[in-house]
Amino acid sequence: MSTLLLIVIFTAIGGILSVLAAGVFLLLPEQKRQSLLPHGISFAIGALLTGAFCGLIPHAFEEVAAEDMQMLSATILIGILLFFVLEKLLVWRHCHSNACEAHGEDSHDDHHGHRQQNDQGRRVAGMFIILGDGIHNFVDGVLIGAAFLTDPQLGIVTSLAVTAHEIPQEVGDFAILLHSGYTRGKALFYNLLASLTTVIGGVLAYFSLGNLDHILPYFLTLAASSFIYIAVADLIPSLHQKTDIKTSLQQIGFILAGVALILVMQTIAHRFEG
């Protein structure tokens, strides 16, 4: 199977299927969704961190000379700081609940004019979600494409890690869009539209990065910094809202399940490639 076809298939898995899975998830009763979502977030944390530290970073360092390793390490730091700035600008924002200040959630106000302003703010928040999701998915596609250009095994692992965090993120995005006044049909349509940018990013990476082997390691470390930032800055803090022993053990269990999935898929992909 050609590298380009692999990129198209796995960027579609990382983008479109995650939206469809999130759409099915929203069909569940509200109470069931609220109970399952934290488990999905915990699972995504394990998958993202394992994909970064056991997949992307080791492969990136294998591709450069010893004197370039410090610069490669600096790229991880720069990437984390960059994603922090982007999130501050509300372009790169991951939200996993209906109540999200950055997305225009306002307190109840009986005054009609204030209600109109709140409704308008929520509609603007919905547009920000769609725009930010499209940009995010495009970058994910570029990073998946870069991983496949380095090693098909790494590409598969990277796409799985992307899918693992995309599903809970898409659930959160759906919830925000519905709160912003979108119907379920429109929310699904716009999320699917935004997910197509994953495939576009992957195909663009194939044609633009194919002859630039010397910069591929830097794209891999940027992907790693993205995974690390999402897991540490966005996902892990949401798990600290509940601190009882039972919930904590469940969180640890699902994190380890995410770790195990990526490690198992790495082993399978390696044997399949061999």
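Here is a friendly conversation about how the terms used for this predicted model follow from its values.

Tutor: This is a predicted model, in which local features need pLDDT of at least 70, side-chain atom pairs count only at pLDDT 80 or more, and totals for chains, interfaces and linings use all residues. Residues are numbered from 1 along each chain as its sequence is written, and side-chain values use heavy atoms, with hydrogens and water left out.

Student: Glad to start! What makes up the protein, in helices and strands?

Tutor: There are 8 helices and 0 strands, and along the sequence the pattern reads α-α-α-α-α-α-α-α.

Student: Why is Ser 225 called buried?

Tutor: Buried means under 20% relative accessible area, exposed means over 50%, and partly exposed lies in between, with a 1.4 Å probe and protein chains only. Ser 225 has 0% relative accessibility, so the word buried applies. This serine lies in helix 7 (residues 216-239).

Student: Which residues does Ser 225 touch?

Tutor: Contact means heavy atoms within 4.5 Å. Leaving out residues up to four places away in sequence, Ser 225 touches Ile 76, Gly 79, Ile 80 and Phe 83.

Student: Why does Thr 158 count as buried?

Tutor: Its relative accessibility is 1%, so Thr 158 counts as buried. Thr 158 sits in helix 5 (residues 152-179). Beyond its neighbours within four places in sequence, Thr 158 is in contact with Leu 56, Ile 144, Ala 147 and Phe 227.

Student: And what makes Leu 249 exposed?

Tutor: Leu 249 has a relative accessible area of 56%, and therefore it is called exposed. You will find Leu 249 in helix 8 (residues 245-273).

Student: Which residues make the nonpolar surface patch that includes Leu 249?

Tutor: Ile 245, Leu 249, Ile 252 and Leu 256 make a patch of about 440 Å². Patch residues have over 30% relative accessible area and no salt bridge; like charges are joined within 9 Å, and nonpolar side chains (Val, Leu, Ile, Met, Phe, Trp, Tyr) within 5 Å. A salt bridge is a side-chain nitrogen of Lys or Arg within 4 Å of a carboxyl oxygen of Asp or Glu. As background, an α-helix has 3.6 residues a turn, so residues three or four places apart point the same way.

Student: What are the values for helix 1?

Tutor: Helix 1 (residues 3-25) has 23 residues and reaches 32 Å from first C-alpha to last, close to the expected 33 Å. It has a kink of about 35° centred on Ile 13. The bend at a residue is the angle between axes fitted to the seven residues ending there and the seven starting there.

Student: Where is the kink in helix 2 centred?

Tutor: The helix 2 kink, about 35°, is centred on Ala 52. Helix 2 (residues 30-62) has 33 residues and reaches 46 Å, close to the 48 Å expected.

Student: How far apart are Ala 146 and Leu 220, in sequence and in space?

Tutor: They are 74 residues apart in sequence and 6.9 Å apart in space, C-alpha to C-alpha. Ala 146 is in helix 4 (residues 112-150), and at 0% relative accessibility it counts as buried.

Student: How much of the whole protein is buried?

Tutor: Buried residues make up 45% of the 274 residues.

Key. Helix = DSSP H or I, 4+ residues; strand = E, 2+ residues; numbered from the N terminus. Expected span 1.5 Å × (residues − 1). Areas by Shrake-Rupley, 256 points an atom, 1.4 Å probe, with all protein chains shown as cover.
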